[in-house]
Amino acid sequence: MLVSGFDIFVIVLVLLVVVTIAMGIRTVPQGYAYTVERFGRYSRTLTPGLGLIVPYIDQIGKKVNVMEQVLDIPSQEAFTRDNAGVTIDAAAFYQILDPARASYEVSDMNQALLVLTMTNIRTVVGSMDLDQLLSHRDEINERLLRVMDAAASPWGAKVTRVEIKDILPPQDLAGAMARQMKAEREKRAAVLEAEGLRQAEILRAEGQKQSQILAAEGRREAAFRDAEARERQAEAEAKATGMVSEAITKGDLAAANFIVAEKYIDAIRALASAPNQKVVIVPIEAAGLAGTLGGIAELTKSVFGEGGAGLNRPARSVPTVSGGAERS
């Protein structure tokens, strides 16, 4: 079967139409943006999804990643303000906000941000002392972020974060810092221990002081009570003595005999109850003691009257020993 020239033309035309339609359809994946160039000049940007361009006139220029990206900053050595060399590792995070500017304002975004970050790290490190550099990482991150974001803004990119991963001082300097830290911690431990001992001594002294105050208060209260008891005893004795004196004034000698007998018996009782005495020999005049006991009986009768017969019992005779001695 022979194919005519017309049939070949139709087939070629159909293929050309299919290829043309295929060239005009572009699918943009999520997280990317495509720039469209018309005769080599930027025309527009295709967003994620299905996009159409004019075949043979428009073409895809740059395929830009608009997701947040991480830029690993290689280790570099920098010098602090006090001439201490340190090795710094860092990482930067950025995102393309304007694909057209990111494609046509800078030739290589990653390289530009890398050089910018390394330069600013050296600048920031050179403006700080070593101790400040090691203890103020947040301040370093903030300063780097502010500078880099301002520099990347004309390129259509936004620097979201800058993180210092590690700061390594030289080995000899690190050893000196370790010894300094150890000495500082030992110093603080000694200070805390001394403070604890001081506080313990203060508390112990306060306790002793309080104990002495309470003991003094106790002795004072006891002395006050003893004085009050002696005062009341003296008042009672004075009152009894007054009553006896009044009875004697009235001619009642039995009261005087009662007082003398009471004192006499108390003295004998005190001698007999002494802890270091087992045998006491006391000279006694039987007639005097009998007279005294008789006076006590008469005084009892005068106080209680004749109705107190139950109280007027005959006194027990006191055994006497010729020679004037009694064994008790």
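Which strands and helices do the buried residues of H5 pack against? I opened the notebook with this point and worked towards it from the whole chain.

**Entry 1: the chain as a whole**

I noted at the outset that the model is predicted. I counted eight helices and ten strands in the protein chain. I then looked up burial and found that 23% of the 328 residues are buried. The accessible surface comes to about 22,800 Å², and carbon and sulfur atoms account for 59% of that surface. I also checked the contacts with a separation of 6 or more, and 64% of these join residues 24 or more positions apart.

**Entry 2: helix H5**

I turned to helix H5, which runs over residues 137–152. At 1.5 Å a residue, its 16 residues should span 22 Å, and the C-alpha atoms at its ends are 22 Å apart, so the two values agree. I listed the buried residues of H5 as Ile 140, Asn 141, Leu 144, Met 148 and Ala 152. They lie on the same side of H5, because they cover an arc of only 95° around the axis. On the face turned away from this buried side I found the exposed residues Asp 138, Glu 142, Arg 146 and Ala 150.

I could then settle the opening question. The buried residues of H5 pack against strand E7 (85–96), strand E8 (157–168), helix H3 (109–126) and helix H4 (130–135).

**Entry 3: Thr 117**

Is Thr 117 buried or exposed? I located Thr 117 in helix H3. Its relative accessible area is 0%, which means that Thr 117 is buried. I followed its side chain to the backbone oxygen of Leu 113, which is reached at 2.7 Å. Beyond its neighbours within four places in sequence, Thr 117 is in contact with Ile 73, Ala 92 and Met 148. I had already listed Met 148 among the buried residues of H5.

How values were computed. Residues are numbered from 1 along each chain as its sequence is written. This is a predicted model: local features need pLDDT of at least 70, side-chain atom pairs count only at pLDDT 80 or more; totals for chains, interfaces and linings use all residues. Side-chain values use heavy atoms; hydrogens and water are left out. Helices (H or I, at least four residues) and strands (E, at least two) are DSSP runs, numbered from the N terminus. Buried means under 20% relative accessible area, exposed over 50%, partly exposed in between (1.4 Å probe, protein chains only). Contact means heavy atoms within 4.5 Å. Accessible areas come from the Shrake-Rupley method with a 1.4 Å probe; for residues, only the protein chains shown count as cover. The expected span of a helix is 1.5 Å times one less than its number of residues. The arc is that of the directions from the helix axis to the C-beta atoms. A polar contact is a pair of N or O atoms within 3.5 Å; within protein, one must be able to donate a hydrogen and the other to accept it, and residues adjacent in sequence count only if both atoms are side-chain atoms.
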